[in-house]
Amino acid sequence: MYGKVEQDRSSYQSPSHGQASEESSCRFEVDCYLHWFFRKLLYTALNLALKLANYHSHTFRCQHAAEDVLSYVQAARDAGMEIFGASDHAALPDNRWPEVRMRFDELDAYIEAVQNAAQAVPQVQVLLGMECEYIPEFHHYYADDLLGTRQFSYLIGAGHYTPYHGEWINSFVELRTATHLRAYAQHLEEMMRTGLFAFIAHPDLFGAVQMSWTEEVAACSRDILAAAVDTGTPLEINGYGLRKVPVSGAEGPRPPYPWRPFWDLAAEYPVQVVCNSDCHHPRDVVAGIRENQELAASLGLALADLSHLQPIAVNAHG
Ligand SMILES: [Zn+2]
Ligand SMILES: [Zn+2]
């Protein structure tokens, strides 16, 4: 499937190599520039024409974010946002990793908070979601309980933890070796193949621990991108990374993610992207979205259409 892309790339040799005259080389450069300019213009226009939406947000329940859904939806309305997805860190039936997520017995109150916010702010379409680790033993919980009985609008797949030799390692600090990176890519691929997740959050989070772009990092990235294309799963360009403490990369300070070389590579694949703020405070409800849409536009990355996701049902009679 990627043979063509590779072939196209290998033919990206400038005609100025070999016998071509200076004039034809110059014309080639002008053509390239015009092509780049019009493509950027087109994608920028398309992106700006899209409804302002954010599908990634948190609440106080995860213990590292502030305030409840209503404050976020009010902030979304005030920012002119039309679609807002609540996606706090998923409650898990066995309450594992309790320090960064709501307890299982808080799930009903979370759903009610999303419903109440949708009711109170009718100007915004409010979606009910959660950001989930993929844990095979909870497949039915995600599929039948959350997406089934409880009618969640969508789930986000995320690899904050990576299964490795029967244990879970913290992806933000432990994806240091080629083996760990391979395990992360395999985990994301398994997650995508379940079809449970509307998109994958911050696939490039290894930028938090990898200081330079190596062959191993590129191989891991290619595996993730290939799986995203193969399964039709959009990847998120995450705005939260832009607000985090920069890392000291080999080329100087940069956000831990989005990590630019990952998205440069993504441009070689027909992958779709979603730009979200991943807000942990209502003031950040739109933070980073336009910047990341600009990045997508400049690279010719297509924004995913998530209009099939249904807003939470509200009681028409209050
Ligand atoms: Zn996350
Ligand atoms: Zn998040």
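This is a predicted model: local features need pLDDT of at least 70, side-chain atom pairs count only at pLDDT 80 or more; totals for chains, interfaces and linings use all residues.
1. The residues concerned are L107, Y110, A113, V114, A117 and A118, which are buried in α4. Viewed down the helix axis, these buried residues fall within an arc of 135°, so they line one face of α4.

2. On the face of α4 turned away from its buried side are the exposed residues D108, A109 and E112.

3. The length of α4 may be checked against its residue count. The helix comprises 14 residues (107-120), and at 1.5 Å a residue it should span 20 Å. Its end C-alpha atoms are 20 Å apart, which agrees with that expectation.

4. Two packed helices are described by the angle between their axes and the distance between the axes. For helix α7 (residues 178-193) and helix α8 (residues 215-231), the angle is about 5° and the axes are 9 Å apart. Angles under 35 degrees count as roughly parallel, and α7 and α8 are therefore roughly parallel to each other.

5. Which residues make the contact between these two helices? From α7 come A178, L181, R182, Y184, A185, L188, E189, M192 and R193. From α8 come E216, V217, C220, D223, I224, A227, A228 and T231. By class, the residues of the contact of α7 with α8 divide into 11 nonpolar, one polar and five charged.

6. Most residues other than glycine have a negative phi, and most peptide bonds are trans. The peptide bond from Y257 to P258, however, is cis, with omega near -5°. P258 is located in the loop between β10 (252-254) and α10 (260-266).

7. Q151, a residue other than glycine, has a positive phi, near 55°. Its place is the loop between α5 (139-149) and β4 (154-157). Is Q151 buried or exposed? A residue counts as exposed if 12 or fewer other C-beta atoms lie within 10 Å of its own; Q151 has 12 C-beta neighbours inside 10 Å and therefore counts as exposed.

8. H165 likewise is a residue other than glycine with a positive phi, in this case near 50°. H165 lies in the loop that joins β5 (161-164) and β6 (167-170). Because H165 has 7 C-beta neighbours inside 10 Å, H165 counts as exposed.

Definitions and conventions. Residues are numbered from 1 along each chain as its sequence is written. Chains are lettered from A and ligands numbered from 1 in the order in which they are written. Helices (H or I, at least four residues) and strands (E, at least two) are DSSP runs, numbered from the N terminus. The expected span of a helix is 1.5 Å times one less than its number of residues. A residue is buried if 20 or more other C-beta atoms lie within 10 Å of its own, exposed if 12 or fewer, and partly exposed in between; C-beta atoms are placed from the backbone. The arc is that of the directions from the helix axis to the C-beta atoms. Axes are lines fitted to C-alpha atoms, for helices over the stretch in contact, and angles run from 0 to 180 degrees between N-to-C directions. Angles under 35 degrees count as roughly parallel, over 145 as roughly antiparallel, 65 to 115 as roughly perpendicular and the rest as oblique. Two residues are in contact if their C-beta atoms, placed from the backbone, lie within 7 Å. Ala, Val, Leu, Ile, Met, Phe, Trp, Tyr, Cys and Pro count as nonpolar, Asp, Glu, Lys and Arg as charged, and the others, Gly among them, as polar.
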